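This briefing walks through the sheets, cores, chain contacts and backbone details of the structure shown below. Please read it with the coordinates open beside the text.

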Amino acid sequence: MSVQNSLEVVRSSAQVWGSSSAQRSLPTVSKLIDTSTCIGCKACEVACQEWNDLGVIKTEQRGTYQTMPTLDAGFWNLIRFDEREVDGGVKWLMRKDQCMHCAEPGCLEACPAPGAIVQYANGIVDVNQDNCIGCGYCATGCPFEVPKFSAKTGKMAKCTLCVDRVSVGLEPACIKACPTGCLHFGTKDDMVALGNHRVAQLKAQGYEQAALYDPSGVDGTGVVTVLAHGDHPEWYGGLPRDPHVPIGVRFWKNVVRPIGLIAIVGAVVGAFGHYLNFGKKEVKGAADSETNLPQA
Amino acid sequence: MSAAPIRDRAMDEAVVVARDSENVVVGNEIIRHRLSSRLIHWSVAVTFFVCVLSGMPIWTPVFAWMAPLLGGLNVCRWLHPWSGLAFSLASLVMLVAWYSEMELRPDERSWIGPKLFTYMRYQTDDSDVGKYNGGQKIFFFTSALAALGLLVSGVVLWFPLRFSPLVREAAILLHDVTFIMFAVTIVFHIYLGTAAEPGTFGSMTRGTVTKAWARLHHPRWYRELTGAEKK
């Protein structure tokens, strides 16, 4: 969808100057996902498809309850199902997978198209389809492998945290549809507090490694997740242990590119300076010593 | 009456001869690059230029103003890999066609280093320089290597999701670093071929240089072609 309101943009991809236009200060919104009470009913998947008019996705039976193997440009919300043997028993771990709306979005940092990815004052990270060129750099910048590309448009599409609903005071569609109440929506502070409360309950029940997944490597995420087995995030559909903006992307943007720009401009300036100082390499003299052809 | 056929009588003899011969003397001129060589060079140059025009605005928003030249950033994103492919192909043709003329002689290896700066100060003793000097030969091979680096990394950037995140990261860096080094070198290639050394640009358009130009820049080549004595 197009940028909601430029008064709320705090960060914008690939801007030379003036990337922050936010006048409004808004509380950071957050989704809390409690995997310990998720029953894998997929009402949230359906709600997301319906609200965003993404249509029905064709899929195939791959020997799992998981609808799709990964997210898709037309499928922004996926319940991951992982069966695992833990302590002599079998655990069926389900986690709602979607864009994490990082406070330090790697997709935004990697994106070379001006204004294609924006971050609003409330923390939502959104794609401006008008400006996306479908180059795929965002997929390299994201540690959660969220960005996917549309076969129809070639551009990137992902969970918008229902920015259109949130802007008018509604909760996201997935939150509204959840029947067990394992999804919560509110300010980041409130969701972290709620999540920590649930983690304390799980610990009291014997899940000593229960934790709230809110990785600092990306300066915290808009989507925070309660994990009963908090020491093994990778068990929950491959959640990365220490996600951060890839160092290669950082190095490219903040070191290689500026140095390169200076080097190329410097070369042009240097060539000009060379000419001023050394002039031309030629020999002047008698008729047959002309290095240039005589003008006809 | 001239023995040349009627249609060639209004034509410049040097230009006619330059269509299929080089390293020959015609009047006061020496043919340096025949037509096929010039076409190869300009194919590489034009495809390189299209790559630069389409790639720079993607590379940095500082050059976003270049995107409208081609119709917008989306056009750039579509065009760049195709022009890159064309550039790689043209570079390969150039590599194969000119390889034998560019082989470095042992005494030319010293061009990698301070000798390049001495050359830029116009202070080198060029008396033994053949058709191509050491700097030109090194430029030939480093360009070929750079074209290969750009191609390999470019394919990854063209189809990013078919490669692992680590490979993609490496490709972004390789493509960037290679391009930067190439661009700096090209600035000097163009500068030397135009403003700094008069008479050079004509060698790649008309195909010829004056005898004086050859005596100044490539004396051994001049001696081999004219039978003149080394002074």
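In chain A, four strands make up an open sheet with the order E9-E2-E11-E10 and mixed pairing, where strands are DSSP runs of at least two residues and helices are DSSP runs (H or I) of at least four, both numbered from the N terminus, and two strands count as paired if DSSP finds at least two bridges between them. The model is a predicted one, in which local features need pLDDT of at least 70 and side-chain atom pairs count only at pLDDT 80 or more, whereas totals for chains, interfaces and linings use all residues. Residues are numbered from 1 along each chain as its sequence is written, while chains are lettered from A and ligands numbered from 1 in the order in which they are written.

**The sheet of chain A**

- The edges of this sheet are strand E9 (183–187) and strand E10 (211–213) of chain A, each of which pairs on one side only.
- Neighbouring strands of the sheet are turned against each other by 25° on average, with direction ignored.
- E10(A) and strand E11 (residues 223–227) of chain A run antiparallel and are joined by three bridges; within this pair, Ala211(A) has Leu227(A) in E11(A) as its bridge partner.
- As background, strands of a sheet pair through backbone hydrogen bonds, either parallel or antiparallel.
- Helix H6 (residues 188–204) of chain A lies across strand E2 (29–34), E9, E10 and E11 of chain A and runs at about 140° to E9(A), with axes fitted as lines to C-alpha atoms (for helices over the stretch in contact) and angles taken from 0 to 180 degrees between N-to-C directions.

**Nonpolar cores**

- A nonpolar core is a set of buried Ala, Val, Leu, Ile, Met, Phe, Trp, Tyr and Cys residues joined through C-beta atoms within 7 Å; a residue is buried if 20 or more other C-beta atoms lie within 10 Å of its own, exposed if 12 or fewer, and partly exposed in between, with C-beta atoms placed from the backbone.
- The largest nonpolar core has 81 residues, of which Cys107(A), Cys111(A), Ile117(A) and Cys138(A) touch the most other members, and E11(A) gives the most to this core, with four residues.
- Leaving aside residues up to four places away in sequence, Ile117(A) touches Ser13(A), Pro105(A), Cys107(A), Leu108(A), Cys111(A), Val125(A), Val127(A) and Cys138(A), a contact being two C-beta atoms, placed from the backbone, that lie within 7 Å.

**Positive phi angles in chain A**

- Ala14(A), although not a glycine, has a positive phi of about 50°; its place is in the loop between strand E1 (9–12) and E2 of chain A, and Ala14(A) counts as buried because it has 25 C-beta neighbours inside 10 Å.
- Cys162(A), also not a glycine, has a positive phi of about 45°; its place is in the loop between strand E8 (156–157) and helix H4 (163–166) of chain A, and Cys162(A) is buried, with 23 other C-beta atoms within 10 Å.

- Chain A is divided into domain 1 (6–245) and domain 2 (249–280), with bounds that come from an automatic or database domain assignment, and the centres of the two domains, taken over C-alpha atoms, are separated by 41 Å.
- Between the chains, 39 residues of chain A are in contact with 40 residues of chain B.
- On the side of chain A that touches chain B, the elements giving two or more residues are helix H3 (137–141) and helix H7 (247–278) of chain A, and the largest share, 16 residues, comes from H7(A).
- The residues on that side of chain A divide into 23 nonpolar, ten polar and six charged, where Ala, Val, Leu, Ile, Met, Phe, Trp, Tyr, Cys and Pro count as nonpolar, Asp, Glu, Lys and Arg as charged, and the others, Gly among them, as polar.

**Chain B**

- The secondary structure of chain B comprises eleven helices and three strands, and its C-alpha trace spans about 65 × 50 × 30 Å along the principal axes.
- Of the 231 residues in chain B, 32% are buried.
- The three strands of an open sheet in chain B have the order E1-E2-E3 with antiparallel pairing, and its edge strands are strand E1 (24–26) and strand E3 (208–210) of chain B.
- Strand E2 (residues 29–31) of chain B pairs with E3(B) in the antiparallel sense over three bridges, and Ile31(B) stands opposite Thr208(B) in E3(B).
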